[in-house]
Structure formats: C-alpha cells, structure tokens
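Let us read a protein model together, one feature at a time. Keep the sequence and the 3D view open.

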Amino acid sequence: MVKGGLLKDDADWSTLGVKAGQKLMMMGTADEIVKSPEKGTVFVEDLPEEEQVVAVGHTAGLFNLGNTCYMNSTLQCLHSVPELKSALLNYSHSGRNNDVDQTSHMLTIATRDLFNELDKSVKPVAPMQFWMVLRKKYPQFGQLHNGVFMQQDAEECWTQLLYTLSQSLRSSGSSENPDALKALFGIELISRIHCQESNEESSETESVYSLKCHISQEVNHLHEGLKHVLSLVAYEGDGLDRIGMGQFSKENYKVDYPLELDVYDLCSDDLRKTLEAPRQILRNEEGKRLGLKVNEKSKENDVKMSNAEGSSNGGGEPSVAPMEEGEKETQMTGIYDLVAVLTHKGRSADSGHYVGWVKQENGKWIEFDDDNPKPKLEEDITRLSGGDSRIVKRNGIQVLYFLKKDV
C-alpha cells in the first residue's frame, strides 16, 4: 500500500512517483513464525571422537615412526577385517597358554589395542607400542643403517603377523572359534605327484594364509600367475572367507588384476561341483537386480541341489560347521571382491614407500598413506597395476586382499 491506495500486481510503478526513503506498507496473511530448531547445529569437530569416525567415513591414519610405512600399510589392510577384530576382542591378557610364547602373546595384545584405538580416533595414531613388540618378536624389523631404522618388506610383515596371530588365537579360551585365522584366511592346497614309471600317485595337503603369485615378463595378469603357480595344486576350502595374494610384483612389472576374482577354474573337481549351484543362485540374484526374469523352478532346483551337495562330503557327514542360533547359512561361490591393496613405490622391496588402499563398508576407497588418509575412486584402484621397474614413481602391487561373495 502506498499513499493514495492499494497497488495491484499490474500497477505501473513509473506513474506512482515513489521517492527515495518513502515508506511502503506490505499487507498479507501472516504465516506461522518459524520455530528455532530443537537441537542446535553440531559441527563434526565438536562430536565425540567415536562419532567423528562414523561421520568422516573412515578410521585414523598411522604416524610413520621412521621407515615404518611397510608396517602401517599392513596394519591398515588387516584392520579392515571385522572378523579379525572380533577375534582379537575375545583375546584377553590371561588368554596365553603354554603353546604361545610371551612375545607372541604381547604382539597379539598390542595388535588388539591398536585396532581399538584406530576405531575410536580420527586423529593419527602413533603405533609405538606395537612397533616395539614387533621388533622384539622379529628382530629383523629393528635393523639399523647409519643409526636409522631400515625400510622392510611389507609382505614379510604381513606373513609374520598373520602367523603370530594364528598361533595366539588358536589357544584355548581365546576365541569362540578355536582356529579363527584359518577360518578367515586359510587356503587348503592339495599337491599331487604322479610317477610315470610305476603309475603311482601320492598327495599332500597344505594349509597356507596367502597365495604366492610370482609375476614374470611372460605372465602379467593375476589369474594367469595363479594358474601357473597352481598347475600341480588343487584349491580346496569350504571355510575360506578371504584370499590374500602376496609377493607377486616386487620387480614392478605391470600386473593387471580384477576387482572381482573368480577362482572356479583353479578349484578341484569335487569343489567345482559344490560351487555350481550357489554360483547359479548368485547369477539369478544379479539378474533380478538388473530387471531380468528368473525361472523360479530353476532357482528352486538350484537350492535343493546346493543343499544336497552341502549336506554331505561324499561319506554322509556334514561338510560345514554347525550354525549358531540365529546365524544365516551361506554358501561359497568361488567369487571374491577386492577389498584391500598394498602397494609399493621403489626399485626394491627394502626401499621406497608402501601405501595401503582399503575399501570401506560404504563401498568407498581410502588411501592410507601413513597419517594422511585420502578418499579415492574405484578407477584409481584399477590403475595400481605397476609398471616398468625403471619408473620409480609407479606403484607396484605387493598384496591383494579379496573377500568372498556368498549366497
């Protein structure tokens, strides 16, 4: 409203003679007054540290204590295993028995405490206690050169730490699962030797925690390397949750690898038969997600066949451990998703720099470069395939870590 009357929407303001500083009255229906929020704005920095971890989407980095990037990257990859953290939580100071030496016991305690600290912190953590115990247990990690701690091999650190944890967590009373590490990382390999003269054949079963995949100039893909290594070995293992691939690119050759690894053709004939039905179920589920029609009768037959195969191991005995109450039964498919990568920059494993790349539960990747975690895209992970050994700036793969895809 201006002096003289009401203004309509189509009024010509140029004819009103409005002057600078003139007061205008606005008229209309008053809306409800906006209420102030019940809770004030909370910034991430003001949250408790445990809630900050959830908000940020990843846990803390680790300070480099002097050429300890090999240790930091190894720990970050292993820290991404929820089942390992659960097994460590069940391990107590009084959990040691006569089968485990004191330094192994203390290294297990240090690992448990460090993982707990990482889960509760967004600020970088100094793994001093763990490093001290690691050097006491394995003196090679405490080697000095000109008064400075030397760079070490991350794959060796990975192997030694898993071996120690397997011994400690196997002790009675340390975990609900008496052989937790074998259930998580164990790979059963059957080696068969055939004598052409006598036509006799002998076999030997071996349990390992990682598959070695030595890459040469002729073999430059992960699957080809595994086939070459396992040419005389059949892969078994109903309880295998995760596969660790270690020590296969120290010469920094270009090594291509998949985000999804299928080991079906590496398995023994008996294991392949067990995998066929679950793999069909997985294909049906993926087809449904893509909007494809699935034959329900075929799906029912797959489930029945899978249950029949899983109910016995050829002698009528159960081939899987009894299920816990409320636990959902799952079946292996022989397909694994890539969840962690440990890379190395440098001409040799005992120099250069190590970095861990870990896939979070939300599907995003984080590069753990010591105390500086950085979000990464999936495309960045596929480019970590190494390169010419003369190009020091390129990453070379040392450990790939896969999680099984069940149905």
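A: Start with pLDDT, the predictor's confidence in each residue, from 0 to 100. Helices (H or I, at least four residues) and strands (E, at least two) are DSSP runs, numbered from the N terminus. Residues are numbered from 1 along each chain as its sequence is written, and side-chain values use heavy atoms, with hydrogens and water left out. This is a predicted model, where local features need pLDDT of at least 70, side-chain atom pairs count only at pLDDT 80 or more, and totals for chains, interfaces and linings use all residues.

Q: Where is confidence lowest, and where is it highest?
A: Strand β6 (residues 233-236) is lowest, with a mean of 47. Helix α5 (residues 128-137) is highest, at 96. For the protein, the mean pLDDT is 76, and 72% of residues reach 70 or more.

Q: Over which residues does pLDDT stay under 50?
A: One such stretch is residues 232-240. Here the model has 44 contacts (heavy atoms within 4.5 Å) beyond four places in sequence. Residues 387-394 also stay under 50, and there the model has 21 such contacts.

Q: How many disulfides does the structure hold?
A: A disulfide is a pair of cysteine sulfur atoms within 2.5 Å. The structure holds zero.

Q: Is C69 buried or exposed?
A: Buried means under 20% relative accessible area, exposed over 50%, and partly exposed in between (1.4 Å probe, protein chains only). C69 has 2% relative accessibility, so it counts as buried. C77 is buried too, at 1%.

Q: How many aromatic pairs are there?
A: Rings of Phe, Tyr and Trp (its six-membered ring) pair if their centres lie within 6.5 Å. Planes under 30 degrees apart count as stacked, over 60 as edge-to-face, and the rest as tilted. By this rule there are three aromatic pairs. One of them is Y70 with F141: it is stacked, at 5.7 Å centre to centre and 20° between the planes. This pair links distant parts of the chain, 71 residues apart. Y70 lies in helix α2 (residues 69-79), and F141 in the loop between α5 and β1 (144-145).

Q: Why is the pair of Y138 and F141 edge-to-face?
A: The ring planes of Y138 and F141 stand at 85°, with centres 6.3 Å apart, so the pair is edge-to-face. Both residues are buried. Ring pairs link Y70, Y138 and F141 into a cluster.

Q: Which charged ends sit over rings?
A: The test takes NZ of Lys or CZ of Arg, within 6 Å of the ring centre and within 35 degrees of the ring normal. The charged end of R135 sits over the ring of W131, 4.1 Å from its centre. The charged end of K137 sits over the ring of Y138, 5.7 Å from its centre.

Q: How many bridges join β11 and β12?
A: Two strands pair if DSSP finds at least two bridges between them. β11 and β12 pair in the antiparallel sense over five bridges. Strand β10 (residues 353-359) also pairs with β11 in the antiparallel sense, over four. F368 of β11 is the bridge partner of G356, and F368 stands opposite P373 in β12.

Q: Why is β11 called largely enclosed?
A: Four of its five residues are buried, so the rest of the structure largely encloses β11.

Q: What is the phi of D370 in the turn?
A: D370 has a positive phi of about 55°, in a β11 and β12 hairpin with two residues between the strands. D370 counts as buried, at 9% relative accessibility. N199 also has a positive phi, near 65°, but N199 is exposed, at 56%.
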